[in-house]
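Have a look at the model first, then read on.

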Amino acid sequence: MPAENFFTFHPERIVWYGLTILAVLTGALLPFAHISDSGPPSRLTEVKRTKALFSSGSSFDFSLSSSPPGEWICPIPDVRNQMMFSFDPPRPDGENQLVQLSIRMKQHAKSKRYSIPCRIDLEYRGNALTFSETESPFWLEINEGLIGTVFVDGRPGDPFPVVPQECPFQGSQEFPEGSPFRILSEGRWWGHDLFRKNHGGGKVVHRIELGALTEAELLDTPEGGWIVFRNGLWECLPNLHEAGGHPIAVAKEVGPSGLEIEGWDGNQHVRLALASASTSLFKVKGEELFSAIRIRSDKQISCTLDKQCLILKVGDWVLKTGNRWKLLRKPEEKEAFLSGKWAGELFVLDQISNKQGQKSISGHFYNLSRTQTVSVDLPVLARKSLSARRNELPDLKAKGKAR
């Protein structure tokens, strides 16, 4: 094509020329656009991500008006009143003596354990602080000197001392359904075994009911004695070193919240408080059960107990099974009752005394769970002699004739 013809004006080619120039410019600028997109995330992206993290925290001001254009600065929350710190004591029978810091969220009643130093990723759900399951732009760092610093979007807040407190009690909802400490935490504390304390060597034994009410079992554990969870059940552990890594627990003492229990599931420390079971007050009146009490010797009486004639010696145990009373005098019978194989209300004749010329008997009734007792002190009515009764006969006859 001749050069003079190329520059000749052709109106029908204007659109074609325009598209060609636009394509050339786009191709020239495309590499620069790619470089811009491949850089770090924009500040706006970070702002949106952090705002989403605190979107439900109504106590924070997220206004951009006080920040320079294109920037947003989130206030750093004060988390000290929303978290509780405590040290987990190491498992007493384990080789791993690592001490961990337990962190508990007060409002969500959740806790996690960390080795120092550590980073704890956080978030707000509703207005409550809790742990974040993923890496978060909002976190807490604790160093070896137990100094904590809160970070929001990489900016640190003021450092503060982390002050460990006593391990808090954990509720049953904090353990998985069916787990050993879920079963234990849902137990009911019946109280001390008063019979074992009075007649079993003076040892304090706690009675704990475990399981559903229809299938409940009583676990007797001495104060300071260990129990272990194996084969799906909690049972007494004679020797701590026989635990074999299974979950273990020990009854410590009775406090304001109930029976305090300390335990370990693996190396994870647990602290529980079992509330007292609601039981009705044990009421029994000796004068309504005993009748026809007669002194046979300084150590023996005859009586009628619930319309059942018995001869009792001081120190005898009388167990009620069904509607009958049974004397427990053989060692194997007493052991069966102490061990819980036999159960029922029980009376113990403590002594026969003479107070100001009046004979009396005293003893104790124990309820079915052996956690309540009622004292009994009954006078023994003197038997009239045969001659005295004969002298009364004429008077009775005379009164009969007068009528």
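Let's begin with a hairpin: S13 and S14 form one, with two residues between them, and asparagine 231 in the turn has a positive phi of about 55 degrees. Strand S13 covers residues 226–230 and strand S14 residues 233–237; they run antiparallel and are joined by five bridges. Within that pairing, isoleucine 227 sits opposite cysteine 236 in S14. Strands here are DSSP runs (E, at least two residues) numbered from the N terminus, and two of them pair if DSSP finds at least two bridges between them.

A word on ground rules. This is a predicted model, where local features need pLDDT of at least 70 and side-chain atom pairs count only at pLDDT 80 or more, while totals for chains, interfaces and linings use all residues. Residues are numbered from 1 along each chain as its sequence is written, and side-chain values use heavy atoms, with hydrogens and water left out.

Next up is an open sheet of three strands, in the order S1-S2-S3 with antiparallel pairing. Its edge strands, S1 and S3, each pair on one side only. On average, neighbouring strands of this sheet are turned by 25 degrees against each other, direction ignored (axes are lines fitted to C-alpha atoms, and angles run from 0 to 180 degrees between N-to-C directions). S1 and S2 are joined by six bridges, and phenylalanine 85 has isoleucine 103 in S2 as its bridge partner.

| S1 | 83–88 |
| S2 | 100–105 |
| S3 | 110–114 |
| S17 | 268–274 |

How many cavities of 30 Å³ or more does the structure hold? There is one. A cavity is a set of points on a 1 Å grid over the protein atoms alone where a 1.4 Å probe fits but cannot get out, and lining residues have an atom within 4 Å of a point. The largest cavity holds about 70 Å³ of space, and its lining includes Ser86, Arg104, Cys167 and His269. S1, S2, S3 and S17 are the elements that give two or more residues to that lining.

Finally, proline 89 lies in the loop between S1 and S2. It counts as partly exposed because its relative accessibility is 28%, between the limits for buried (under 20%) and exposed (over 50%), with a 1.4 Å probe and protein chains only. Proline 89 touches Cys167, Glu262, Trp264 and His269, leaving out residues up to four places away in sequence; contact means heavy atoms within 4.5 Å. Proline 89 and valine 270 are 181 residues apart in sequence but 9.7 Å apart in space, C-alpha to C-alpha.

Notes. Helix = DSSP H or I, 4+ residues; strand = E, 2+ residues; numbered from the N terminus. 1 Å grid on protein atoms, 1.4 Å probe; cavity = no way out; pocket = protein on both sides within 12 Å on 5 of 7 lines; lining within 4 Å. Points joined across faces, edges and corners; volume = space filled by probe spheres on them.
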